[in-house]
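I'm jotting down what I looked up, one entry at a time.

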Amino acid sequence: MTKVKICGMQTLEDAQYAVDAGADFIGFVFAPSKRQVTIDEAGRILDGLDKKGVKTVGVFVNPSMEEARRALEKGLDYIQFHGDETPGFVENFKGQAIKAFPSNSEFTNKEKFDYPAEYILVDSPRKEYYGGSGSSFDWEAFDQEGLDRARFALAGGLKPENIGEAISVFEPALVDVSSGVESDGMKDPEKVSRFIKNVKEVS
Ligand SMILES: O=C(O)c1ccccc1N[C@@H]1O[C@H](COP(=O)(O)O)[C@@H](O)[C@H]1O
């Protein structure tokens, strides 16, 4: 079954809602973004959260080793590396790493999947920020040769209306959404629930 990550948590209410609605992962964005929170803010949310076994993820773009380690010390389960981090850097977080690439990355799929990460995520091309654009990429044009579906995570412009098709095109292990479950820049409970329900229905 495809797992779901709801990203861009900014309040305890958002995080608890996503957990209760059946998310498998929730994410906090520590990189420059309209959803950026500090590691301490995420820590305070985690302190109040009834996790129910849901995995928590800190999203960084080119962090220092100290920053990424501090996020894990605050209780996050995974670090999502959304920048230009090297395999050697990611190796330091083995067992707790998600490595993201833009869909127009020059890396081959083999090079991506050689990264020592639990999931290899493909997102839309970078815009103002390194992620969270709310735009999808051309799924049909994306070369799927060499994708390891058991470790493949899909992101970029996913929403309740297109997640069924996205899963049928890629059969990913994980789907990751931020913008597509928001209204007026805030997480929208109805969209969060509908996104998760639609994933579970097709996978
Ligand atoms: O969500 C963000 O704002 C963000 C900012 C910088 C790096 C990563 C970010 N989030 C990740 O972006 C993708 C796609 O998001 P969207 O659904 O298109 O808005 C996803 O992997 C988020 O984890």
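**Helix pair.** I started with α6 (residues 163–170) and α7 (residues 189–202), whose axes come within 9 Å and cross at roughly 40°. Axes here are lines fitted to C-alpha atoms, for helices over the stretch in contact, and angles run from 0 to 180 degrees between N-to-C directions. Helices (H or I, at least four residues) and strands (E, at least two) are DSSP runs numbered from the N terminus. α6 passes α7 in a right-handed crossing; that means the near helix is turned clockwise from the far one by less than a right angle, anticlockwise being left-handed. On the α6 side I noted I163, G164, I167 and S168, and on the α7 side F195, N198, V199 and V202. Contact means C-beta atoms, placed from the backbone, within 7 Å. The contact residues divide into five nonpolar, three polar and no charged. For those classes, Ala, Val, Leu, Ile, Met, Phe, Trp, Tyr, Cys and Pro are nonpolar, Asp, Glu, Lys and Arg charged, and the others, Gly among them, polar.

**Ground rules.** This is a predicted model, where local features need pLDDT of at least 70, side-chain atom pairs count only at pLDDT 80 or more, and totals for chains, interfaces and linings use all residues. Residues are numbered from 1 along each chain as its sequence is written.

**Ligand shell.** I found 28 residues around the ligand, the closest being S33, G131, G132, A155 and S179. By class, the shell has twelve nonpolar, 13 polar and three charged residues.

**L76.** Buried or exposed? L76 is buried, because 25 other C-beta atoms lie within 10 Å; the cut-offs are 20 or more for buried, 12 or fewer for exposed and partly exposed in between, with C-beta atoms placed from the backbone. L76 sits in the loop between α3 (65–73) and β4 (78–81). Skipping residues up to four places away in sequence, L76 touches T56, V57, G58 and A71.

**N109.** I then checked N109 in helix α5 (residues 109–113). N109 counts as partly exposed because it has 19 C-beta neighbours inside 10 Å. Leaving aside neighbours within four places in sequence, N109 is in contact with E145, G146 and L147. N109 and E41 are 68 residues apart in sequence and 35 Å apart in space, C-alpha to C-alpha.

Key. A residue is near a molecule or strand if its C-beta atom, placed from the backbone, lies within 6 Å of it. Two residues are in contact if their C-beta atoms, placed from the backbone, lie within 7 Å.
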